[in-house]
Amino acid sequence: MARPDIDPASAALHRDALVIDVHTHGVHLLPRAWAAAYRAATRGSMPPDVGFGALAACGVDAVVAKAVGDRVVTAFHRPGAWRCVCKQLASLRRDAATGG
């Protein structure tokens, strides 16, 4: 993935700083069809999904990946909220291990 163009001051900041994203979700948070519908409903205000493997090229050194247990997300998963959170955590572990 190509790094987006950034101004020299921002490039220097990213080069010299430790960048940690402390609010990251995996790309498998919602089933793909629901994610596409949500993206359409929010009129594209949500950035595209980017796997963990692309983060270093974007200047991110570490992330805190999170599962979501609220009804907005868990309503699309069966058989319940806790199982949904466990599935998300397993998916995050797989993605972290494979750079996905």
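Q: Where is G80 in this predicted model, and why is G80 called partly exposed?
A: G80 sits in the loop between α3 and α4 (81-98). Its relative accessible area is 24%. Buried means under 20% and exposed means over 50%, with partly exposed in between, so a residue at 24% is partly exposed.

Q: What separates the C-alpha atoms of G80 and V60?
A: These C-alpha atoms are separated by 33 Å, and the two residues are 20 residues apart along the chain.

Q: What makes V64 partly exposed, and which strand holds V64?
A: V64 belongs to strand β2 (residues 62-66). Its relative accessibility is 38%. That value lies between the limits of 20% and 50%, so V64 counts as partly exposed.

Q: How do you know that V64 can belong to a patch, and which residues form the nonpolar patch on the surface?
A: Patches are made of residues with over 30% relative accessible area. V64 has 38%, so V64 passes that cut-off. The nonpolar patch consists of L18, I20, V22 and V64, and together they have about 370 Å² of accessible area.

Q: What is the volume of the largest pocket, and which residues are closest to its centre?
A: The largest pocket has a volume of about 720 Å³. It is lined by 26 residues, and H25, G26, M46, P47 and D49 are the closest to its centre. The elements β1 (20-25), α2 (32-41) and α3 (71-74) each give two or more residues to the lining.

Q: How many cavities of 30 Å³ or more does the structure hold, and what makes the largest cavity count as one?
A: The structure holds one. The largest cavity has a volume of about 50 Å³. A cavity is a place where a 1.4 Å probe fits but cannot get out, whereas a pocket is open.

Q: Which residues line the largest cavity, and how do they divide?
A: The lining is made of G26, H28, L29, K66, Q88, S91 and L92. They divide into two nonpolar, four polar and one charged.

Q: What does the chain look like overall, and how much of the chain counts as buried?
A: The chain has four helices and two strands, in the order α-β-α-β-α-α along the sequence. Of its 100 residues, 21% count as buried.

How values were computed. Residues are numbered from 1 along each chain as its sequence is written. This is a predicted model: local features need pLDDT of at least 70, side-chain atom pairs count only at pLDDT 80 or more; totals for chains, interfaces and linings use all residues. Side-chain values use heavy atoms; hydrogens and water are left out. On a 1 Å grid over the protein atoms alone, a cavity is a set of points where a 1.4 Å probe fits but cannot get out, and a pocket is an open set with protein on both sides within 12 Å along at least five of seven lines; lining residues have an atom within 4 Å of a point. Grid points are joined across faces, edges and corners, and a volume is the space filled by probe spheres set on the points. Patches are made of residues with over 30% relative accessible area and no salt bridge: like charges are joined within 9 Å, nonpolar side chains (Val, Leu, Ile, Met, Phe, Trp, Tyr) within 5 Å. Accessible areas come from the Shrake-Rupley method with a 1.4 Å probe; for residues, only the protein chains shown count as cover. A salt bridge is a side-chain nitrogen of Lys or Arg within 4 Å of a carboxyl oxygen of Asp or Glu. Buried means under 20% relative accessible area, exposed over 50%, partly exposed in between (1.4 Å probe, protein chains only). Ala, Val, Leu, Ile, Met, Phe, Trp, Tyr, Cys and Pro count as nonpolar, Asp, Glu, Lys and Arg as charged, and the others, Gly among them, as polar.
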